[in-house]
Amino acid sequence: MASHGLTYDGCNFFRQRLLLSTLSGKHVKIKNIRSRDDEPGLRDFEASFIRLLDKVTNGSRIEINQTGTTLFYQPGLLYGGSIEHDCNPQRSVGYYLEALLMLAPFMKTPLKATLRGVTNDPTDPTVDLLKSTSLPLMKKFGIDGEAFELKVVKRGMAPGGGGEVVFTCPVRKTIRPVQLTEPGKIKRIRGVAYSVRVSPQMGNRIVESARSVLNQFLPDIYIYTDHMKGVNSGKSPGFGLTLVAETLNGCFLSAEMSSTPQGQGDPVLPEDLGRNCAKLLLEEVYRGGCVDSSNQSLALLLMTLGQQDVSKVLLGPLSPYTIEFLRHIRDFFQVMFKIEVQKPLEDERKGGDKVLMTCVGVGYSNLSKTIK
């Protein structure tokens, strides 16, 4: 199976398969992509994702049949460098940026990516969330440096977009093994309430309603407002909130909510959005673990490609996306995790069952030699 590549059926987890194919060097064939739909084949945002992979690699071979229902992808070498990409507005920049975060440390030259499109929508992780949780997590694995940053130049809400994000990441030959087994207690909560093309007062209303919930549990809360004007405010009106809880041991748990895109569904009040987002954060804290739900797959991938040493991470209940990601890691890298379920003690109110993931990494430097 390793020499002939892998074959999958259907459009589910499309991004995972292409991402792990690129890192492992194994070609992949995906058949029956929405073959029974009224509009069969790849969607525009998936085609845009394929173009992004083509830009960061050198020598990739991509074949798509006439109806777009079958894709053959043979990855080239991860090259990196400076790239610019216009993301399809059907999905936010976070959809593309999540993949770049996983690929960037393993490239030949440092990556500087300028992505344009929708920066904040209700579907995908926003740029603010990735900046405040994914980057600190990557630093724990030894991915750090002056050139490691994620900056929002322009903010663009769905559906019009018009946002711009710059992501720079250094190259790392080896990934440091980690032992993240003690999350610690929550010491502070930080957040950003953003608004574009609406009254600046919207941000203040969101902050007040979120604090009304969170102040019952913690005094150290600071949520700043970010109101962009003019050319930096994108093409559509909207507002939202991103909250991050930091623990004593330096772990970050996050939650976010965005307003309903213009012309789609019922409008949402800023007070309701603030309260609901605060409750989502409390639910994430209740789930526990050293990594929040949106970054579970990133942590597991870095453990897999780390040095040939034991890494341990304590997670909350695994999301369906993470469970499928583990299956794909087994397919592409032949790596399986040791999973231990830790049940909370009766006298401790620490939420649901925790999952301790243990893995011996394959080492990306060893893997790249076998690819060549």
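Strand β8 (residues 109-117) runs antiparallel to β10, and the two pair over seven bridges. Look along that pairing and you'll find Lys112 standing opposite Thr168 in β10. This is a predicted model, so read what follows as a description of predicted coordinates.

- β8 and β10 belong to an open sheet of four strands, ordered β7-β8-β10-β9, and the pairing in it is mixed.
- Out at the edges sit β7 (80-86) and β9, each of which pairs on one side only.
- From one strand to the next, the twist averages 10°.

**The other four-strand sheet**

- Here the order is β11-β16-β18-β17, again an open sheet of four strands with mixed pairing.
- β11 and β16 pair in the parallel sense, over two bridges.
- If you want to find that contact by residue, Gln179 has Lys312 in β16 as its bridge partner.
- Leu314 is also part of β16, which covers residues 310-315.
- Is Leu314 buried or exposed? It's buried, because its relative accessible area is 6%, and the cut-off for buried is under 20%.
- Leu314 and Val291 are 23 residues apart in sequence, yet their C-alpha atoms are 7.4 Å apart in space.

**Domains and annotations**

- The chain is divided into domain 1 (1-76) and domain 2 (186-287).
- Taken over C-alpha atoms, the centres of domain 1 and domain 2 are separated by 35 Å.
- An unreviewed UniProt entry places "domain: RNA 3'-terminal phosphate cyclase" at residues 7-339.
- Residues 7-339 come out at 31% helix and 28% strand, with the end C-alpha atoms 27 Å apart.
- The unreviewed UniProt entry also places "domain: RNA 3'-terminal phosphate cyclase insert" at residues 181-285.
- That span, residues 181-285, is 29% helix and 34% strand, and its end C-alpha atoms lie 15 Å apart.

**Nonpolar cores**

- In soluble globular proteins, nonpolar side chains tend to be buried together.
- The largest nonpolar core in this model has 83 residues, and the members touching the most others are Leu18, Leu23, Leu97, Leu111, Phe167 and Phe333.
- Which helix gives the most to this core? That's α3 (residues 93-103), with nine residues.

**Salt bridges**

- Across the whole structure, a search turns up 19 salt bridges.
- Arg155 pairs with Asp128, with 2.8 Å between the closest N and O atoms.
- This pair links distant parts of the chain, 27 residues apart: Arg155 is in the loop between β9 (149-154) and β10 (163-169), while Asp128 is in helix α4 (residues 127-140).
- Both Arg155 and Asp128 are buried.
- Arg61 and Glu63 also form a salt bridge, their closest N and O atoms being 2.7 Å apart.
- How do those two count for accessibility? Arg61 is partly exposed because its relative accessible area is 41%, and Glu63 is partly exposed at 37%.
- Arg275 and Asp272 meet through their side chains in another salt bridge, at 2.8 Å from N to O.
- Both Arg275 and Asp272 are in helix α6 (residues 270-287), three residues apart, or about one turn of the helix.
- Arg275 counts as partly exposed, with 32% relative accessibility, and Asp272 does as well at 30%.
- Finally, Glu84, Asp86, Arg116 and Glu164 are joined in a network of salt bridges.

Definitions and conventions
Residues are numbered from 1 along each chain as its sequence is written. This is a predicted model: local features need pLDDT of at least 70, side-chain atom pairs count only at pLDDT 80 or more; totals for chains, interfaces and linings use all residues. Side-chain values use heavy atoms; hydrogens and water are left out. UniProt positions are given in the numbering used here, feature names are shortened, and annotations may be inferred rather than shown by experiment. Domain bounds come from an automatic or database domain assignment. A nonpolar core is a set of buried Ala, Val, Leu, Ile, Met, Phe, Trp, Tyr and Cys residues joined through side-chain atoms within 4.5 Å. Buried means under 20% relative accessible area, exposed over 50%, partly exposed in between (1.4 Å probe, protein chains only). A salt bridge is a side-chain nitrogen of Lys or Arg within 4 Å of a carboxyl oxygen of Asp or Glu. Two strands pair if DSSP finds at least two bridges between them. Axes are lines fitted to C-alpha atoms, for helices over the stretch in contact, and angles run from 0 to 180 degrees between N-to-C directions.
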